[in-house]
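Please open the structure in a viewer and keep the sequence panel at hand.

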Amino acid sequence: MRYKQKRRIKLIIILAIMAFAAFLYFQHGINLGLDLQGGAHIVLQAQPTEEREINDTVMSGIQSVIERRVNQLGLTEPLIQRQGSDRIIVELPAVDSPNEAINTIGRTAMLTFRNSAGEVLMTGEAVKDARADHDQYGRPVIAFTLTDEGSKQFANITRQYIGEKIGIYLDDERLTNPTVQAVIEERGQITGYESIQAAEEDAILIREGALPVPVEVIETRTVGPTLGSISIQKSIKAGLIGLLLVAIYMVFYYRFPGVLAAVILAIYGLILMGTMAGLQATLTLPGIAGLILSIGMAVDANIIIFERIKDELKSGKTLRAAIDSGFKRAYTTIIDANVTTIMTALILAYFTSGTVRGFAVTLGIGIIVSMFTAFFVTRNVIDIFAGSKLLRENKSFGVRKG
């Protein structure tokens, strides 16, 4: 009775994991990259000022700030590159509000603290962090933290202006104009927002820093996917055919355990899609290649496990003993093979960018999910059926006793 209860609990856990993965997938979906769905093409031109001319250092600073802002918007796999001496091209995967994204990316975002005469008392360079939050009355605000030097400077300013107003400006737009009632040092709030979304947009600008010089949007257009829909459909079709052939081979060679392997592969695919949706990962064509490669690793793990179990059965062990020993022997091999691949994926993700990084991230996620599937799902599914008539010592795993 205890064994049947354990099997029932294992089955419930696996079904719960599958249900949660399906929920994440249908709730969030999979983000597609520029090559699969297209997006917005924006050309920004740097504008020189009296204080600064346009040079390579300034353009590198603009590109760096824009990259940080795009990452904070959650728009993954963007294309950001320089064009000529004073332009930057930004291509973003399809977004719900492209105009808002353009406004956030292209604003100069110079934060200043000014007195009633309009004199600048402190700039945003003294701000260490800024996050959208709610005050004690539930109103949306930006809670900011100052650097050590900024804390000392702001304490002196607020001490000097107690009872007077200090306006907080983003570029030339006044965000709030509070009256200083006490000395403020390390932390403060910016009020006056109608929604938490508006506060978060400005918080991103403050947090990621101002552009070295203003930029002007000189071109905005929608671009289609770089790959035609026919190419995408052919890629999907080829992947499905490959999976079907793998499943047929597994069933032919390993009998009923091969059927279980095909089912486990489908479970792996569901968990993988749910994980990618939950992490809001972006899928590109190189990412699809990473997924297919990770599927191959998942199949390889099952083959290693089944071969180890076959070896144990041939040595004369009972089915349960062979399963236990086979999994123990397979774990080391699977871990060695997968950890080395994960290390390669981490190196690619850290030192590269764009679609190569997307391939590495997708491959890494797929490998981690395949290891979880092999160590938890495969083991428990085989344990569930180990006591059934579908697995017999003299027929299971294709073993023939002479």
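A patch here consists of residues with over 30% relative accessible area and no salt bridge, like charges being joined within 9 Å and nonpolar side chains (Val, Leu, Ile, Met, Phe, Trp, Tyr) within 5 Å. Accessible areas follow the Shrake-Rupley method with a 1.4 Å probe, and for residues only the protein chains shown count as cover; a salt bridge is a side-chain nitrogen of Lys or Arg within 4 Å of a carboxyl oxygen of Asp or Glu.

The model is predicted: local features need pLDDT of at least 70 and side-chain atom pairs pLDDT 80 or more, whereas totals for chains, interfaces and linings use all residues. Residues are numbered from 1 along each chain as its sequence is written, and side-chain values use heavy atoms, without hydrogens and water.

First, select Ile241, Leu244, Leu245 and Ile248, which make a nonpolar surface patch of about 400 Å². Leu245 belongs to helix α7, residues 229–254 (helices are DSSP runs of H or I with at least four residues, strands runs of E with at least two, numbered from the N terminus). Leu245 is exposed, at 55% relative accessible area (exposed means over 50%, buried under 20%, partly exposed in between).

Next, select residues 119–213, which an unreviewed UniProt entry annotates as "domain: SecDF P1 head subdomain". This stretch is 27% helix and 33% strand, with its end C-alpha atoms 20 Å apart.

Then display the open three-stranded sheet, ordered β7-β8-β11 with antiparallel pairing (strands pair if DSSP finds at least two bridges between them). Because β7 (127–134) and β11 (187–190) each have a single partner strand, one side of each lacks a neighbour in the sheet. Finally, centre on β8 (residues 140–146), which four bridges join to β11; Ala143 stands opposite Gln189 in β11.

Definitions and conventions: Buried means under 20% relative accessible area, exposed over 50%, partly exposed in between (1.4 Å probe, protein chains only). UniProt positions are given in the numbering used here, feature names are shortened, and annotations may be inferred rather than shown by experiment.
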